[in-house]
Structure formats: C-alpha cells, structure tokens
Amino acid sequence: MRSLLLLAAIGLHGAAAEDGLNAWLRYARVDNAKHCQSKLPSTIVTLNATEGFPVYTAGQELSKGFDGIIGKKVDVDSIVASRGRRGHKSRDTTATVGTVAAYVDSNPGAAARLPELIDDGFHVSVSCGNVLILGQNERGALYGAFHYLTRLAQGDCSDFTLTSNPGAPIRWVNQWDNMQDGGTHGSVERGYGGDSIFFWDGKVRDDLTRAGQYARLLASIGINAVVVNNVNADPKTLTPANMDGLARIANAFRPYGVQLGVSLNFAAPQTLGGLSTFDPLDQGVIDWWQGIADALYQRIPDMVGYLVKANSEGQPGPMTYNRTLADGANLFARTLKPHGGIILFRAFVYDHRTLNQTLDWKADRANAAGDYFEGLDDKFDDNVAIQIKYGPIDFQVREPVSPLFSHLRKTASAIELQITQEYLGQQAHLVYLAPMWKELLDFDFRVDGKRSTTADIVGGRRFPRKLGGFAGVVNVGTNTTWLGSHLAMSNLYAYGKLAWDASASPEGVLKEWIKLTFSDDHKVVDVITKMSMASWPAYENYSGNLGIQTLTDILLGHYGPNPGSQDGNPWGQWTRADADSIGMDRTVWNGTGFTGQYPPEIAAMYERPETTPDNLMLWFHHVPYTHKLKSGKTVIQHFYDAHYEGSATAQTFPQLWRKLEGRRGIDRERYEHVLYRLVYQAGHSLVWRDSVNQFYFNKSSIPDARGRVGNHPYRIEAEAMSLEGYRAYRVSPFEAASGARCIVTETNSTRATASAVLDRVATGRYDVAVNYYDMALGNATWELYVGADRVGRWKGDLEYNLGRAPSPYIDGQTAARVTFPGVKIKRGSTLKIVGTPDGLEPAPVDYISILPEGVVD
Ligand code: GCW
C-alpha cells in the first residue's frame, strides 16, 4: 500500500524526486530508448574479471546502465580470456570489456590492429551492436565502459570508435576530512556538504557505503586517487587501528580503480611515535617513517602514496630543523619507493606570523613559494611531484598563475584546484569554475621564449617528466548532494574532464553534465548553460574585481564581504587600500619583486600597468583610484559598475531557473533545492555589492558617477522606523549594514516591533524586500505586515539549509534578503516587522526595500 501511494505521488509530480546521490550517473531512461534497444549487445562479456576489481565493475555498470538508460536487461558473462568464449551463438552481439593484455591473449592476431594506449587509456568501438571496450589496464577498461554509458545516457546510441589517453597520470582529489569533528573546521575543513563520509569520532566509519559511491562517481570522470584526510593532518591517522580503517576505505575504492592516498603530519614521529625529534635526516625518524610505509602497504598494497603540507600555517616541517623542503619530501619518497608509491609535496609554504605590511613594502606572501623552492629543482627524488595551488596566494576569484610552475623543470608538478568553493561562495552561490580553470591551464609562461602552457607543464609534456597532473580539493560530505548543492556538481564533473583532457571546452563539458544530471530538454540545457557560464564573471564582479582578490572575510569564514579584513594582519592577502590608492605593487622596479619570478616575456608584461591586463591590475600595481584602465574607466568607477553588473546578473538566475519548472528531468525536489539557493544568492550578491562599494566610497570619498552608491531611494532603514522592543545596533564592519546600523531586539526573549507609515509610497503593487541577518546561534522568526495583512513570515534557519560556514556575528556573512513579490500597498498604510528572537539571534533587521516593478535595490 505504501509503495502504491508513493508511486501515485511520483506520478503527480511528473519526474521522480531525486536527492542527487547518483549525480551524473543516474542512468535515467532516455527518450529514444526503444530505438536504441536493438543497438545494444545481447551479452556482456568481461575478460579475466575478478569481483572487486574494475573490469568486473565495468561489466556490472554496463548491465545496470543498459537496464536503466535503455530498458534492456543484459547479463554479464565473465570468461577467462585464454579459454575463449563459451556457448555464444554467432548471431549474438556482444559487449566485450577487459584489458588489452587479456584481449590479445585470446585474440593474438588483434595485437597489431589495436591503437596505442598509455596507463589508464581506453579504446571503445561500437559497431552494429558489437561493443569492444579495452583498457590499457583494468581501470582504463572501466573508464571506457563509463564513456560508452555516458553517450547512451545522452541518447546517443550510434556507432563510434574512440581511443582516449589521459593528459596526465596524476588525477587525484583531496579531501580535507578531519578524523574528529569539532574545533574551528568541523568534520571537513572548508567542506560545505556535511560531515566526513570517511571518519567519525577519531575513527574510520563502520559504514563506508558512501566511500564506494564516491569512488564510482570519480572513476566515471577519470579520477584515479583520493587523499582521504586533511592536509592539516592528525598524527593519529597512523595508529594501527586507523590504518586498518584506511585499508577498509581502500577496499571500498578498489572496485572502481580509485587508489587511496594519505596526508601526513610531519611531526608524527615525535607526537605519535614518541621520538625526541622529527628531523628528516635523523636515522631514527627515517626508520620510523619506513615502518609506517611498510605497515600501510602491508594493509593496502595498491596505496597511491602521500600528500604532505609542511611548514605552512603552523604545520611542522623540515625547516624546523633547518633542512630543505627537498629533504622533507625525499624522506617520504624513499620510504615509498620500494612499494611503488609517490608523494605530492605541497608548495603552499608560507609564514603567516611574521609578514609585516607596514614595516616592509617589499614583504609579499606571493613570493613565498618561489623563494622557498629556489635552488631545489634538481634536488627532489623522481617519485616526488610538487603540488602547486593555481595562484600564488590562495584560491582567489582571480589570480595570475603561480610562477613556480615555470621554475620546476626537472621536478614534476601538479596543479591544485579547488572544487569546494571556499572563497567562491561555498556552494551557496552558483559559480561554475571550469572557465577559470581553463584560463589558468591555457596560460602560456613563454619559458625560454617557447610556448609553455600550465597544462603542458603539469602534463609532463613541456619538460618531459613521467609524473605530473592535477589535484582537486573536493570536500564532499554526507549530504546526498555531495557538495551541498546540485548545481555545484558541475564543477566536480568538469574537474575530472579537464584533468583527463585540458583541451576540453568548459561549455561542452557543462552541457554534457546537464544532460546527464537533468535531461537533454533543450530549454534545460540552455538555461543551466547560460546561468553557469555567466556565474564566475558575475561572482568576480560582485566579490572582488581587477585582481584585488575575493574581498571576503579572510579572518573568519571566507564567505561574506569584508574588504577591510585583508589588510593589517600577517596573513598577507593585502590590498594596501588607503584614501588615494589601492593594489599591491609587485613590480621589480618599485615593489615586492614578484613579477620577476616569471620568465622574461611575462615578467615584462606584468611589470608595467600599460601591459598588465585590467583584470589583474591591482594584483600587480598600486595605483590611484583615479587611474584609467584600458577600458577607459577609472579604477573606482570600475569597482562601482562591476559590483552593480555582477549582482544584476545574479538577479537573473532565479528568473531563468523558474522557466524550467516542470520541464523534463527537473523534478520538484531538485527544482526547489536549486531555486532556494539561487534566490539566496541573488539577495546575497546585493549584500556584496553594497558592502564593497560602500567600503571604497568611504575610503576614497569619490562618488559613483552614476549616483547609485550610498543612494537608495526605495529603502527604509530599520533604525529609522518606530521601534518597540527593538534598538539600533552599530554593525561591524560598518559596510555590512545599509547606513552602518541595523536593529536588534532589546532582550533575547521578548518580541519586538519596528513600524513605519508608508506616506510617500503611491498605492500599487510592489516587491517588498527585507534585509536581515541570519546567525548560526538561534532561529529567530520575523513577520512582515502591511496594515493588518501579514505578508509573510520566515525563520532564521539558513544554517540548516545552506552548508556555508556558520557565523555567530551580524556581518556580511550572515546578511541575507527575503523578497515578497507583488505586495499590494495603499499609500499611508503601516509597514510592520515583528521580530521574535531565539537563542542568541536577536531578530536583526537592516532595511526594507519597497520596490516598483523591475527595480532591485
Ligand atoms: O585556503 C587555506 C584554507 C585552509 C587550508 C589551507 C591549505 C587545509 O583556508 O583551511 O587548510 O588553505 O590549503 O592548506
């Protein structure tokens, strides 16, 4: 009975509700399934398959995919290649899947006809119902199967032949998962999709179902390893019990050809091992680490290796003992060598304690990696790759590519990208990142005057090297959407696709993802493409433009606007904004000298404002607000305009999305989930716009040529209303509130009212927007009335619905907007907000906007 009711409910809504768990691997039935049925093979044959390994998995996926996508049940027959096929009638069509070696074993004559494959590469040929899927290794075979299924899932069942090799051998993801929840960073540092899927309460979880499901998603986009624990590593990860746990995670990954990697804490020999030192050259320390490597490989024979963050942000490292970073990296490399493992050693090395902005005009965090790695290029063992964040600072919305890529010629490197949107909206803002990554990967360093793109360097092509590639910080969590937002998953998909083939088009990859995740309904594809492609430029416009970085609160959650937090501290994300000028002078002639870290052609370009692209102007130069950009605008006017443009673009997202209601593949559950975030983003983009503009207006005293900044004719400031039980409150930073103040309830337990007579509003219909603050420490309730009519009621519950970092403050992080469209207002009626505080949330209100149709402010 219950299932009947459930079916009826699904029928009512058209598409079945989806929670996102299967992401782009839904295997949903395609429109032309009937037509495709005859094009599918009638048997699946796996060659030399062993349960728990990728070829076996490939067979299972094909069977499951055929059933789901096309509605055809096809069984898997596993055979040992050398014994040949058993009992198949000649008219049977077959999908054969296996490694090249297994195939050639049973078809010796085929060897000469097969294309050349490198590690993980695959070959697929589909012809008249016969399908041949070969991998250079087992993993490659699984990749081939996923490729074929992905085409079917987009409704393409035509014949094709494809040979595909990866552009780089290292295609890893990093998870910043903590063993223990709590502390400042919770279960997953900079994770916005719930708790760790691997660890809980200091141990590896008993139930690792999600780990297997994660590996399945990753394998389908060509990712071959996951470093499962935070780079700020807990030494206790290496207790025998936890190593047993890691082995269980590796077991969950193995069927998908995903290898496990571990982050290490450099001081573990001392803190966990009880030695008196962690000096990387001390024999006792070396032996201790060898013991660890042996113990791990005994449990996980196919472990991929290590990831190490050292001498950075308080983490221990070799420099503690005056040893070089190479001494540190090689220590691990040598213990891994006998087991075939590799180590990714991070270039994110800097001192966050002593950089001094006021005393030293030449101090610059951007210089750190180049400085620390200087002279080490030929010092690393051949199983070390240096993992370099794309920019010299820290995952900002716009940075030049780290010059370190061009310094390491003998040492392999990998580019570190961030799928989790730490500085880019924490999955509460739609920001499709592939266009940004593409620019970074296509950047040409002109090493020795020759074409030298980032992609060719990390792919080991520009300077021939056998290692190199990609590391993406993903930080999925237990939320069924993985990242906390359905739309954010396009970033994970695109990451895998670009790591495999850096020449892939961000828009092409996006469309593929949309078809797989939702449907190939043209409207669905068009709308999501339009929003996503506009999203990074929009976010850059309203968060931090001209290379000034994401002007977020760098001391707290890295989420909301707080331009003032960049300067005056040793973290080194400085803007050097004063009353007249702004930007970091990184020139050689007068600044920090950073431009000199680039090869000569690039150094010359960035050295002069005339040749520096506008979008990086303030990254490289300190200029007056009145400096004219190439666009013809002044810096300050560009700021104002960009913040208006960016937030205006964000206003279009919910409108666009609403057009998709009820379309094919847009089920109610995902429709609402996405809409909620886009509406929130539209509101929060205005918070960004006004905070940043107000901040620089205040600093520079230069008015907006278009008269918008500080001029809001439709707003009623809450502090100007008649207050009963509410009081005015000075917000810090001041720019996080319209008019620098908001209202809060006088006590934590009594209701309060703010009212105003609308005597200057003509009778008509208006969109009424309320800007309020939703803090993490309570669930206040607000009610909005016009006259006696209650227009709406809402709760301060964003912390349960958005995964963004929680904050207990009234600031740009917690500022939010709710809008009630088409409210009937009579001139002279009374507008009233009733706030009921809860916990430590005093029902704060910033302002109310009474907006004529088409106006947003
Ligand atoms: O961006 C910063 C983050 C830290 C992170 C660090 C790093 C894991 O704010 O949370 O620590 O970078 O990449 O090591």
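Predicted model: local features only at pLDDT ≥ 70, side-chain atom pairs only at ≥ 80, totals over all residues.
Let me begin with the ligand, which is surrounded by 15 residues, the closest being Glu 189, Lys 309, Arg 346, Asp 394 and Glu 422. If we sort that shell by class, we find 8 charged residues, together with 4 nonpolar and 3 polar ones.

Turning to individual atom pairs, the side chain of Lys 309 places an N or O atom 2.6 Å from an oxygen atom of the ligand, and for Arg 346 a polar side-chain atom is likewise found 2.6 Å from a ligand oxygen. Asn 232 also takes part, with a polar side-chain atom lying 3.2 Å from an oxygen atom of the ligand.

Now to the helices, where I would like to look at H17, residues 522-543, and H21, residues 668-700, whose axes are 9 Å apart and meet at an angle of about 25°. Because angles under 35 degrees count as roughly parallel, H17 is described as roughly parallel to H21.

Which residues make the contact between them? On the H17 side they are Met 531, Tyr 539, Tyr 542 and Ser 543, while H21 contributes Leu 678, Gln 681, Ser 685, Trp 688, Arg 689 and Val 692. Taken by class, this contact of H17 with H21 comprises 6 nonpolar residues, 3 polar residues and 1 charged residue.

Definitions and conventions:
Residues numbered from 1 in each chain as written. Heavy atoms only, no water. Axes fitted to C-alpha atoms, helices over the stretch in contact; angles between N-to-C directions. Helix = DSSP H or I, 4+ residues; strand = E, 2+ residues; numbered from the N terminus. Parallel < 35°, antiparallel > 145°, perpendicular 65-115°, else oblique. Contact = heavy atoms within 4.5 Å. Nonpolar A, V, L, I, M, F, W, Y, C, P; charged D, E, K, R; others polar. Near = heavy atom within 4 Å. Polar contact = N/O pair within 3.5 Å; in protein donor to acceptor, adjacent residues only side chain to side chain.
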